[in-house]
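Please read it alongside the model.

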Amino acid sequence: MENRKKQIIDLAIKLVQKKGYVGFSYDDISKQLGVTKASIHYHFEKKEDLGVAITEHLATSLQTFLLINASDSVEEKLKKFILQAERFACTEICPISSLQTDFNSLPDIVQKKIEEVSRLELSIMKELVAEAQTEKILNDTDDIQSVAVTILSSIKGALLYRRVLGDDILAGVINQINLNLRKS
């Protein structure tokens with residue numbers, strides 16, 4: 001039973017990455033999983049319940065990233081965080097970005113949850129930037145929030161451009177971020 005629930009959430013995340021939250025339906029999920037819509041409703045009565053589960057999964061993934069990489073150097077953590085973007089297929093964007101794009105169309109509870117996930121993602125990047133500044137990997141005179149937002153925006157923007165223009169965009173942006181992260 002829990003396996004089916006996980007399958008639904010995982011597929012819903014993929015659909016959010018490709019179509020956006022408002023662009024997919026329970027019918028899309030039922031056809032791709034080969035189950036009835038009633039089976040999906042059993043786990044998630046309403047689409048907003050599934051939206052909450054998606055955002056909770058994203059938050060857990062971000063927290064897990066920190067735990068798994070806790071013993072790595074800050075430079076390694078930054079590289080791994082940035083390289084996560086490469087795991088998305090060419091037609092996919094960051095699921096957090098996709099939900100942020102659909103923000104005004106989301107149910108209130110999902111809006112609240114994606115705001116929490118967005119704050120978590122930004123706080124993780126700010127923590128990494130601050131740690132890198134402390135270890136003299138990054139220029140310690142730069143504003144932590146501005147650097148963190150610049151990194152996140154560049155990666156997420158590159159995923160959008162890659163979706164339209166091709167793979168070279170993301171690789172080039174990642175290389176440029178790595179160059180910019182080196183202390184001047």
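1. Ile40 touches Ile8, Tyr26, Ile29, Ser30 and Val35, leaving aside residues up to four places away in sequence; contact means heavy atoms within 4.5 Å. This is a predicted model, in which local features need pLDDT of at least 70, side-chain atom pairs count only at pLDDT 80 or more, and totals for chains, interfaces and linings use all residues. Residues are numbered from 1 along each chain as its sequence is written, and side-chain values use heavy atoms, with hydrogens and water left out.

2. Ile40 belongs to helix α3 (residues 37-43); helices are DSSP runs (H or I, at least four residues) numbered from the N terminus. With a relative accessible area of 0%, Ile40 is buried (under 20% relative accessible area, 1.4 Å probe, protein chains only). Between Ile40 and Leu50 there are 9.3 Å in space, C-alpha to C-alpha, and the two are 10 residues apart in sequence.

3. Not counting residues up to four places away in sequence, Ile151 touches Ile82, Met125, Val129, Ile177 and Leu181.

4. On the α1 side, Arg4, Gln7, Ile8, Leu11, Ala12, Leu15 and Lys19 meet Asp28, Ile29, Gln32 and Leu33 of α2.

Methods: Helix = DSSP H or I, 4+ residues; strand = E, 2+ residues; numbered from the N terminus. Buried < 20%, exposed > 50% of the residue type's maximum accessible area, 1.4 Å probe, protein only.
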